[in-house]
Amino acid sequence: MAGRGRAWSIGAVGLGLLLSLAGCGGSPSGDPVRTEVQQVLDRRSAALLGHDEAAYGATGTRTEYTRLRALPLAAWSYRVTAVHHTASGATADAELSYRVAGYDRAPVDARRSLTLGRTADDSWYVTADRPAGQAGQQLWDQGTVTVVRGAHSLVLGTGGSAAGLTEFARLADRAVPAVSGVWATDWSRRVVVLVPRSLASMAALLGSSAAEYRGIAAVTTGEAGSRGRAPADRVVVNPEAYSVLGDVGKQVVLTHETTHVATRANTTAATPLWLSEGYADWVGYLGTGRTAQEAAPELGRAVRDGEPPGELPTDADFGFTSEPTELARAYESGWLACRMIADQWGPARLGAFYRAVGAHGQRAGAVETALEQVLGTTPREFTARWRDYVTTQLG
């Protein structure tokens, strides 16, 4: 953050400007308490963006300021949706929206629950700011955020040193140009990587149980089907699974996840997981020298046992709660399908096929139409061709 460690004074004109930048929530009609709470949160947001710790402290606890001050924020605002009175003050439900400067084209949205008290002169102040029920944590909920900047990456971590995070930045900086080399440059060409301290911390960020991500080295946040407005993505690392990978494996994982960031705007509800995960693996393995046998051991074992796949995997086959061997075969099947397209039709056609599927708008007919228009084939012919390719590569 520019000017880290400095307290900037905010005059009346500067405060008005910062409130505008923070996205002032306005004054909800008919509820004076909600209006007052909104105004406190607007001042709090302006102080955070203005690096004014004293002004921030005047609105309540400084815990979040201390944990957040290294984060380069372009926007930060709350929108109060409800206020509930308590014996000691109130709690507020709010939607937090923020953007990291230089990285987020769209905001990150998070549901928050704030606890508020009242001063002797009846002013509101914040005593706690937590994730709302069932909502995932934000990284700063887990401790002070350490920031490492790469050429194309921003790595944010808790519980570790800047030196430890530098390795993630180095690998992410390799991943970004590798992805752009095949996907072109119609994306931000920057990636934000979150490195929590443990698997449990990773799961808390994702609002899920740790069991769902055990053995998964990293995931990318963001939802498909955003109607052309790609959400801000975060690559979230599972430090326990990631640490046991070799150098090539670590690079493949970060390149895979960076591919998801790059392709997000073209990944919609029409895109099957065999294509989105297979394409990310195809990009991830490019240039590694890994053979099909090395990169698809579980599927290779099935082929040698006389049990080759008959159909492309369904979305359900990619569930993190699936049996590990079946999950591995699903990923390997998608990768070989995309690898086959690149080998037999060319990498440019693979990218065009991916975009055409996502542009269809709905799942029904998306793959069928793109197969015909981009690859000049049918689902039946494509599947048969893929089965032969799998057997040839792995048999």
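**Close-up views of a predicted model**

**View 1. Arginine 355 and tryptophan 183.** The charged end of arginine 355 lies over the ring of tryptophan 183, 3.7 Å from its centre; a charge sits over a ring if NZ of Lys or CZ of Arg is within 6 Å of the ring centre and within 35 degrees of the ring normal. The model is predicted: local features need pLDDT of at least 70 and side-chain atom pairs count only at pLDDT 80 or more, while totals for chains, interfaces and linings use all residues. Residues are numbered from 1 along each chain as its sequence is written, and side-chain values use heavy atoms, leaving out hydrogens and water.

**View 2. Arginine 190 and tyrosine 103.** Here the charged end of arginine 190 sits over the ring of tyrosine 103, at 5.0 Å from the ring centre.

**View 3. A cluster of aromatic rings.** Ring pairs (centres within 6.5 Å, with Trp represented by its six-membered ring; planes under 30 degrees apart are stacked, over 60 edge-to-face, the rest tilted) join Trp76, Tyr78, Tyr98 and Trp140 into a cluster. The rings of tryptophan 76 and tyrosine 78 are edge-to-face, 6.2 Å centre to centre with 80 degrees between the planes. Tyrosine 98 has a relative accessible area of 5%, and tryptophan 140 one of 4%.

Methods:
Buried means under 20% relative accessible area, exposed over 50%, partly exposed in between (1.4 Å probe, protein chains only).
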